[in-house]
Each structure stands twice: as structure tokens, then as C-alpha cells.
Amino acid sequence: GTPGDIDMSSGRSEGHDAAVMATSDDAAVSKLSAVQLKYLEDPYIQHMVTRPTRRAPLINRGYYSRVYHIKKALHLFLDA
């Protein structure tokens, strides 16, 4: 189909799917940027990004903060 066509089998437009995939790609690029600057470790993210881009320091620190606090909350929950 053409961009904006609605796939009746799933009820979603191709444009919506493309937007979701673009968001996922952007998140992967941001994570790779944080990994390359040693904010966190992920030995696999480099294989998921075709065009690495260095993000602004605020993006890298924000990614680190989000990962840190989610891990902390998860450990608190599992230890309770």
C-alpha cells in the first residue's frame, strides 16, 4: 500500500507503524551513544544500529538515569 493506507487486518495505518519503528530506532541510537560514552553497558546494542550518532550530554545522562532508576526499583521490588 501507499503511506497512510489502513491495513484492515490489524486496524493500524502504515504511517503509524513507521512512526513506532522510527521511535524504536531513535531509542536504539540514543542507547548506543550512552554505551559508547561508558554511561552503561550493553554488548549487543551496536548490532542494532546502522547509523551511530553521538547524542547531546543531556540525552546520555537522561538515558543513564532512567536505566539506573528502573534497575533500582526492580531490585527493591524483587528484594521485598
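How are helices H1 and H2 oriented to each other: roughly parallel, roughly antiparallel, roughly perpendicular or oblique? The structure is a predicted model, in which local features need pLDDT of at least 70 and side-chain atom pairs count only at pLDDT 80 or more, while totals for chains, interfaces and linings use all residues. Residues are numbered from 1 along each chain as its sequence is written, and side-chain values use heavy atoms, with hydrogens and water left out.

The protein contains 2 helices and 2 strands, arranged along the sequence in the pattern β-β-α-α, where helices (H or I, at least four residues) and strands (E, at least two) are DSSP runs numbered from the N terminus. Of its 80 residues, 16% count as buried, that is, under 20% relative accessible area with a 1.4 Å probe, protein chains only.

Helix H1 (residues 14–36) packs against helix H2 (residues 57–79) at an angle of about 90 degrees, with the axes 9 Å apart; axes are lines fitted to C-alpha atoms over the stretch in contact, and angles run from 0 to 180 degrees between N-to-C directions. The two helices are therefore roughly perpendicular to each other, a term that covers angles of 65 to 115 degrees. On the H1 side the contact (heavy atoms within 4.5 Å) is made by Ala27, Ser30, Lys31, Ser33 and Ala34, and on the H2 side by Ile59, Asn60 and Tyr63.

Within helix H1 lies Ser30, which is buried, with a relative accessible area of 8%. Leaving aside residues up to four places away in sequence, Ser30 touches Arg55, Ile59, Asn60 and Tyr63.

Notes: Angles under 35 degrees count as roughly parallel, over 145 as roughly antiparallel, 65 to 115 as roughly perpendicular and the rest as oblique. Buried means under 20% relative accessible area, exposed over 50%, partly exposed in between (1.4 Å probe, protein chains only).
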